[in-house]
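Hi everyone, thanks for making time for this.

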Amino acid sequence: MRSTANSLRAAILLSIIAIPSYAADVYVVQGRANGPLFFTDGKPTCEAILWNADVAFYNRGDQAAQVRVIDISNGASGSPAGETLDVPPHQAFSLVGKRPSWQNITADPLWVLHLDAPAELELQSVLWIGSSSQCTSVGTRPFRFGQVLLPVVHTLTPAQGEQVHLITGVGGDEFKGHLNVGIFNASELLATAHIEIRQHCNNATIDSRTVTVRPKSLVQFGGFSSQPLSSFLQPDRCQGPPFDGPLNSVYTVVTVDQPSFSFVSAVADNATPMASIGITW
């Protein structure tokens with residue numbers, strides 16, 4: 001009897017060990033675009049902002065991990081659906097370095113890579129902020145101003161679910177900027193989304209907009225306020241004492257009538273470069 005019990009335990013243990021690592025959906029934001037020209041002494045130069053994205057993969061497992069493309073958003077032409085990339089154990093790969101054909105296949109500045117990836121694979125999406133130039137003496141400098149992280153999303157928000165992005169403002173009154181709200185519609189239907197910018201100090205809505213998003217597309221909507229109406233100079237705009245900490249800020253609420261995800265980027269209006277200084281998702 002004891003021998004039979006031990007054999008049963010061993011069989012159960014072996015079956016557990018043999019369970020494969022199942023892959024799961026991953027949605028990775030990518031992009032590439034040229035921005036506005038730099039100005040010096042009020043005059044435009046020949047240099048412009050350049051945004052360029054990449055994805056880093058790291059395999060924590062002891063076996064090769066395979067990434068498979070499910071699809072690419074925004075009407076990508078020649079989409080490499082079904083193509084795979086093997087990441088060796090305990091190594092890092094760059095998407096641009098290994099699969100450049102998975103990039104830049106849509107005319108839109110932002111898109112989503114929908115991937116099938118195992119749990120042991122770490123993914124990080126990065127937006128490099130650089131400059132491009134028509135000056136032959138300068139050329140392209142893709143990493144000139146550093147980087148910010150782009151969203152990597154493992155779970156979509158169901159239809160009508162609130163997507164709350166806290167502290168999406170940029171702090172004090174000295175910084176001038178605006179917010180861009182990106183929304184990915186994962187469905188095959190046109191999506192309607194409602195965006196609200198609210199003050200942390202009293203939850204009052206200071207900016208709002210209702211927008212539509214094409215099926216299977218990522219669209220960014222700009223021009224939202226990054227500053228609360230209340231400020232150190234106008235404490236009467238909020239109930240109670242003025243906030244003098246990081247919550248002298250705004251937050252963003254997005255509601256979409258289709259499965260989706262969203263993110264918010266803060267963009268400088270009075271600094272060089274005019275680029276995202278932070279992205280929240």
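I'll start with the aromatic rings, go on to a strand, and finish with the nonpolar cores.

One thing to keep in mind is that this is a predicted model.

So, how many aromatic pairs does a search of the whole structure find? There are four. Let me take you to Tyr-27 and Phe-184, a tilted pair with 5.9 Å from centre to centre and 45° between the planes. Tyr-27 belongs to strand E1, residues 23–40, while Phe-184 belongs to strand E11, residues 177–185, so this pair ties together parts that are 157 residues apart in sequence.

Phe-261 sits in strand E16, residues 260–268, so here the link is between parts 77 residues apart in sequence. Phe-261 is buried too. Put together, Tyr-27, Phe-184 and Phe-261 make up one aromatic cluster.

Next, the strand E11 itself. In a regular strand, side chains alternate between the two faces of the sheet. What covers E11, one face or both? Both: Gly-177, Leu-179, Val-181, Ile-183 and Asn-185 are buried on one side, and His-178, Asn-180, Gly-182 and Phe-184 are buried on the other. Nine of the nine residues of E11 are buried, so the strand is largely enclosed by the rest of the structure.

And which strands pair with E11? E16 runs antiparallel to E11, joined by nine bridges, and Phe-184 stands opposite Phe-261 there. Strand E14, residues 217–225, also pairs with E11 in the antiparallel sense, over seven bridges. His-178 has Ser-225 of E14 as its bridge partner.

Here are two spots where a charge meets a ring. The charged end of Lys-98 sits over the ring of Phe-93, 4.6 Å from its centre. Likewise, the charged end of Arg-209 sits over the ring of Phe-224, at 4.0 Å from its centre.

Last stop, the cores. The largest nonpolar core has 22 residues, and those touching the most other members include Val-28, Phe-57 and Leu-115. Apart from that core lies another, of 19 residues, among them Ala-53 and Ile-279.

Methods
Residues are numbered from 1 along each chain as its sequence is written. This is a predicted model: local features need pLDDT of at least 70, side-chain atom pairs count only at pLDDT 80 or more; totals for chains, interfaces and linings use all residues. Side-chain values use heavy atoms; hydrogens and water are left out. Rings of Phe, Tyr and Trp (its six-membered ring) pair if their centres lie within 6.5 Å; planes under 30 degrees apart count as stacked, over 60 as edge-to-face and the rest as tilted. Helices (H or I, at least four residues) and strands (E, at least two) are DSSP runs, numbered from the N terminus. Buried means under 20% relative accessible area, exposed over 50%, partly exposed in between (1.4 Å probe, protein chains only). A charge sits over a ring if NZ of Lys or CZ of Arg is within 6 Å of the ring centre and within 35 degrees of the ring normal. A nonpolar core is a set of buried Ala, Val, Leu, Ile, Met, Phe, Trp, Tyr and Cys residues joined through side-chain atoms within 4.5 Å. Two strands pair if DSSP finds at least two bridges between them.
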